[in-house]
Amino acid sequence: MACSFEDSGVVIYRPRLIPGGAMPDLAAAADDLAACAHSQPARLVLLSSAAALDPSHHNPGFVAETYRPEGTNPIARAWRELEALAAAKLPQAERIVLRPAPVAARENADFISRRLAGASAVVPPGFDPALQFLAPADLDAAVRCAVERGLGRPGLFHVAPRGTVPLRTAMRLAGVRCLPLAWTGAGGENDYLRHNWTVSGAKIERELGFVPKVTSVEAVLAAFGKAGAAGDFEKETDDFGLDLDYIAAYERTLFRFLHDLYWRIEVMGTENLPREGGAVLTGVHRGFMPWDGVMALVAVHRAVGRVPRFLIHPCLIKPPFLANYMTKLGGIVANQENADWVLSRGDLLGMFPEGIHGAFTMYRDAYKLGKFGRDEYVKMALRNRVPLVPFVTVGSAEIYPIWGRLDWKWVKRATEWLFLPVGPNFPFPGLPLPSKWHTRFLEPIPVQEHYGPEAADDPAVVKTLSGEVRARMQAAIDEMLARRKSIFWGTIFDRIETNPGSLDAVRPGSLPRVGR
């Protein structure tokens, strides 16, 4: 439908949706926009949708308008075709394209809100993506900003609410019964219920002054909340899906078993972990599976009560259940913006600078550090003025020692792995071996005390700092290996730290200091 302001020469166009509310009716839109062109409006405000962004495990979340999706979802493609159609039909008009997040409303509900309006809804099992829901009043305010302040500022603007809400939480708040069915196929609407497609509202706030008043949770409650369904919902939701209750439940059960009984992890150096403020925890990833990152999370949480947010490869959130698991543990797709988001909040950022190549290191080279990529971890610390805290683990490489590789193209395509690893537990990589682990957190490198944020753009400084970190980590690994007598038992530390819930004992003494 089109709304015209004759005096100002502005046309606001919101397309009709095809039945189901997933995508615009492009045929009707072509006729509507052609009719608008006859009046030769000076400006056009087009209401598109954030659904124009293909939902994908590669989508890092809260993307800016410069983000270019590469997927082929038919819904996303239809919304992008609408935007191209507007440009073709009204080439002379100054165009402002608004891509709002799903609007929480029962009337004229889109395909996302429609699932919250019924008694039950089918969703893909093993996924719980963070979604954004915009209040109708906030959408109206965004349109008013575009009309009143958009003159001379054409372009694309995302319209996002404050915060997110996980899909299943939104359904609970709306009193909707969740029906996870395995037969829900890929593509179309189901992709939006699997993967990320959240958008950033920074540009429209900066250029047009739009600031939303309502959070996603509040919008869902206002539109769909049912008596007794929401209760006293005071839990603060995380923008990327971190769930502290989920972590606590696993720490009482599976994580406690793995850390204290199965791998019998010894931990040293937790006094080097900051009790407050941001820091970049830089580790070594071995053993193919992401258990070393999870056990590092447990060690940090036990020692200082903080949950580090690990940057992860997108392949870890592609499969069902693993996607839900990694997201609720606080995993975030690795990129610069997400790292800055964590550190700007004063949180701990965990990462493995060797990237996915570290996880796929052959066992013969398991304790030789590889290339640290482009040294992005150093730039993150410099840019955000936080210390670097290296940590190393000896023993994790043995849970799945990689002895060979199978370069099957279909495996690479389906999993995004570098190859199919072959080891003693092949073909059951989900059954790790019970090796004995030893983890050590090294002394922090306070880069913020010696360099300003501009040093992140100095290749010489970055390379020097990365070389120092790498040397400290390799020296610690070599020293720990020299003390290790067995892969499956024994201790290498003179003092084993006791954390809450740990079964380890304490002995006097400590390792000599590694580093400066």
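Me: Why is D340 called buried?

Reply: The model is a predicted one. D340 has 18% relative accessibility, and buried means under 20%, so D340 counts as buried.

Me: What makes R383 partly exposed?

Reply: R383 has 26% relative accessibility. Partly exposed lies between the 20% limit for buried and the 50% limit for exposed, so R383 counts as partly exposed.

Me: How do you know that D340 forms a salt bridge with R383?

Reply: The closest N and O atoms of D340 and R383 are 3.2 Å apart. A salt bridge needs a side-chain nitrogen of Lys or Arg within 4 Å of a carboxyl oxygen of Asp or Glu, and therefore the pair qualifies. This pair links distant parts of the chain: D340 belongs to helix α12 (residues 336-344) and R383 to helix α14, 43 residues apart.

Me: Why does R286 count as buried?

Reply: R286 has 3% relative accessibility. The cut-off for buried is under 20%, so R286 counts as buried. R286 is placed in the loop between β11 (279-282) and α10.

Me: What makes the pair of R286 and E354 a salt bridge?

Reply: The N to O distance between their side chains is 2.9 Å. The cut-off is within 4 Å, so R286 and E354 meet in a salt bridge. The two residues are 68 residues apart, with E354 in the loop between β14 (348-351) and α13. E354 is buried, and so is R286.

Me: Which backbone oxygen lies 3.3 Å from a polar atom of the side chain of R286?

Reply: That of G358. A polar contact requires N or O atoms within 3.5 Å, and 3.3 Å meets that distance limit. Residues touched by R286 also include D292, T361 and D365.

Me: Why is the pair of R194 and D191 called a salt bridge?

Reply: Their side chains meet at 3.9 Å, N to O. The limit is within 4 Å, so the pair counts. Both R194 and D191 are buried.

Me: How many salt bridges does the structure hold?

Reply: The structure holds 24. R114, R115 and E189 are linked in a network of salt bridges.

Me: Which element gives the most to the lining of the largest pocket?

Reply: α10, with five residues. The largest pocket holds about 1400 Å³ of space. Its lining has 48 residues, and H285, I312, H313, C315 and L316 lie nearest its centre. By class, that lining divides into 30 nonpolar, twelve polar and six charged residues.

Definitions and conventions
Residues are numbered from 1 along each chain as its sequence is written. This is a predicted model: local features need pLDDT of at least 70, side-chain atom pairs count only at pLDDT 80 or more; totals for chains, interfaces and linings use all residues. Side-chain values use heavy atoms; hydrogens and water are left out. On a 1 Å grid over the protein atoms alone, a cavity is a set of points where a 1.4 Å probe fits but cannot get out, and a pocket is an open set with protein on both sides within 12 Å along at least five of seven lines; lining residues have an atom within 4 Å of a point. Grid points are joined across faces, edges and corners, and a volume is the space filled by probe spheres set on the points. Helices (H or I, at least four residues) and strands (E, at least two) are DSSP runs, numbered from the N terminus. Ala, Val, Leu, Ile, Met, Phe, Trp, Tyr, Cys and Pro count as nonpolar, Asp, Glu, Lys and Arg as charged, and the others, Gly among them, as polar. Buried means under 20% relative accessible area, exposed over 50%, partly exposed in between (1.4 Å probe, protein chains only). A polar contact is a pair of N or O atoms within 3.5 Å; within protein, one must be able to donate a hydrogen and the other to accept it, and residues adjacent in sequence count only if both atoms are side-chain atoms. Contact means heavy atoms within 4.5 Å. Lists of a residue's contacts leave out its neighbours within four places in sequence.
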